[in-house]
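I am opening my notebook on a new chain today, and I want to write down each thing I look up in the order in which I look it up.

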Amino acid sequence: MKLSVSSYNKYLSCPRLYWLEKVEGWVDTTAKPWLAFGSNFGEIMSIADLHGVDEAERNIDAMIEDPFKAAEANYLLRKWELKYKSSPEPVATIDGVSGIEYELALDLSHLVNDRFELIFTGFIDKVFEKEGEIRINERKTTVDPINLKSAYWNRLLFDTQIVAYCWALGLQLGTPVSRVTYEVFRKPNKAVDAKLFAHGTDALEYREKLLNSLSVPVARSAEMVMRKHVFITEDLKEDFLTEFVKVATQIHESKLLGKDMDRPEMEWLRNKNTCDMYRGCVYKPFCGRQSPIEQTDYIVQVKKEDTHI
């Protein structure tokens with residue numbers, strides 16, 4: 001069984017949602033441009049890692065085939081340049097493998113007494129070396145304010161994903177990894193910054209809208225790009241490992257017994273507020289029913305050859 005941090009977090013949020021997506025293979029195909037904007041950030045900054053901000057900005061159209069993504073790339077790199085006027089930290093090479101999108105694959109079967117195969121999987125945005133230490137560079141996007149006094153940074157101190165990556169990378173390399181550099185970009189919000197999205201425009205108009213917005217004050221925060229360094233303690237790593245093995249065992253036993261995973265409590269049927277996922281969950285109209293596929297055209301079922309559960 002392969003289990004990533006995102007799958008682990010999804011199970012904790014809602015076992016039913018985990019089952020629908022990771023076991024049954026349901027996929028939400030609804031277009032969400034504000035989410036696509038966020039996913040582009042990591043890819044674009046990886047280009048800057050490889051080529052430098054100036055070189056990437058000069059050749060962005062040649063590097064990225066999608067003209068709308070290229071427009072966003074130009075905007076993101078320009079924002080980065082205005083803030084830091086330099087390329088990100090140099091990429092590390094570990095045993096001949098680039099530190100960009102560094103793959104983690106750890107066999108943890110011994111932690112469950114070999115009752116089942118348990119593989120921890122993941123991809124780190126970037127691994128770099130500084131002052132003789134291996135460090136992690138994590139890229140994130142958010143619609144929340146990201147000034148250094150905001151609550152956003154307090155939440156990141158307990159970011160399950162980065163705690164897991166520090167633990168796993170240290171185990172994989174045989175050396176402790178505890179220092180993380182966060183690079184956070186405040187992405188356009190669909191409500192506040194809807195004017196930035198490409199509704200009814202072509203790629204050139206979209207690029208112009210984005211670049212023109214560079215000089216416009218941001219509605220929700222005075223900052224758009226922020227960098228911060230954090231230290232992950234050994235206690236946090238140990239706590240994560242304990243919970244990870246516990247959750248993996250629960251998932252395995254549910255699958256072994258042929259049980260459909262359901263919400264811990266069914267009160268949400270009578271009171272939707274007891275469901276933490278309700279507002280943002282695409283499955284909410286039919287969560288308690290047999291199959292959503294007959295009722296909508298924006299969810300499709302995909303047969304997975306190697307399901308990551």
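**Entry 1: the whole chain.** I note at the start that this is a predicted model. I looked up the secondary structure of the protein chain, and it comes to 10 helices and 10 strands. Of the 309 residues in the chain, I find that 45% are buried. The chain exposes about 16400 Å², and carbon and sulfur atoms supply 50% of that area. I then turned to contacts between residues at least 6 apart in sequence, and among these 74% join residues at least 24 apart.

**Entry 2: helices H1 and H8.** How do H1 (residues 5–13) and H8 (residues 160–173) pack, and at what angle? I read an angle of about 140°, with the two axes 10 Å apart. Angles over 145 degrees would count as roughly antiparallel, and H1 and H8 are therefore oblique to each other. I also recorded that the crossing in which H1 passes H8 is right-handed. Going down to residues, I see that H1 brings Val 5, Tyr 8 and Asn 9 to the contact, where they meet Thr 160, Gln 161, Ala 164 and Tyr 165 of H8. Sorted by class, this contact has 4 nonpolar and 3 polar residues, and no charged ones.

**Entry 3: helix H2.** Next I asked how many residues of H2 (residues 15–23) are buried. The count is 8 of its 9 residues, and I therefore write the helix down as mostly covered, taking buried to mean under 20% relative accessible area. The buried residues of H2 are Pro 15, Arg 16, Leu 17, Tyr 18, Trp 19, Leu 20, Glu 21 and Lys 22. I also looked at what comes after H2, and there I found Gly 25, whose phi is positive, near 85°.

Key: Residues are numbered from 1 along each chain as its sequence is written. This is a predicted model: local features need pLDDT of at least 70, side-chain atom pairs count only at pLDDT 80 or more; totals for chains, interfaces and linings use all residues. Side-chain values use heavy atoms; hydrogens and water are left out. Axes are lines fitted to C-alpha atoms, for helices over the stretch in contact, and angles run from 0 to 180 degrees between N-to-C directions. Helices (H or I, at least four residues) and strands (E, at least two) are DSSP runs, numbered from the N terminus. Angles under 35 degrees count as roughly parallel, over 145 as roughly antiparallel, 65 to 115 as roughly perpendicular and the rest as oblique. A crossing is left-handed if the near helix is turned anticlockwise from the far one by less than a right angle, and right-handed if clockwise. Contact means heavy atoms within 4.5 Å. Ala, Val, Leu, Ile, Met, Phe, Trp, Tyr, Cys and Pro count as nonpolar, Asp, Glu, Lys and Arg as charged, and the others, Gly among them, as polar. Buried means under 20% relative accessible area, exposed over 50%, partly exposed in between (1.4 Å probe, protein chains only). Accessible areas come from the Shrake-Rupley method with a 1.4 Å probe; for residues, only the protein chains shown count as cover.
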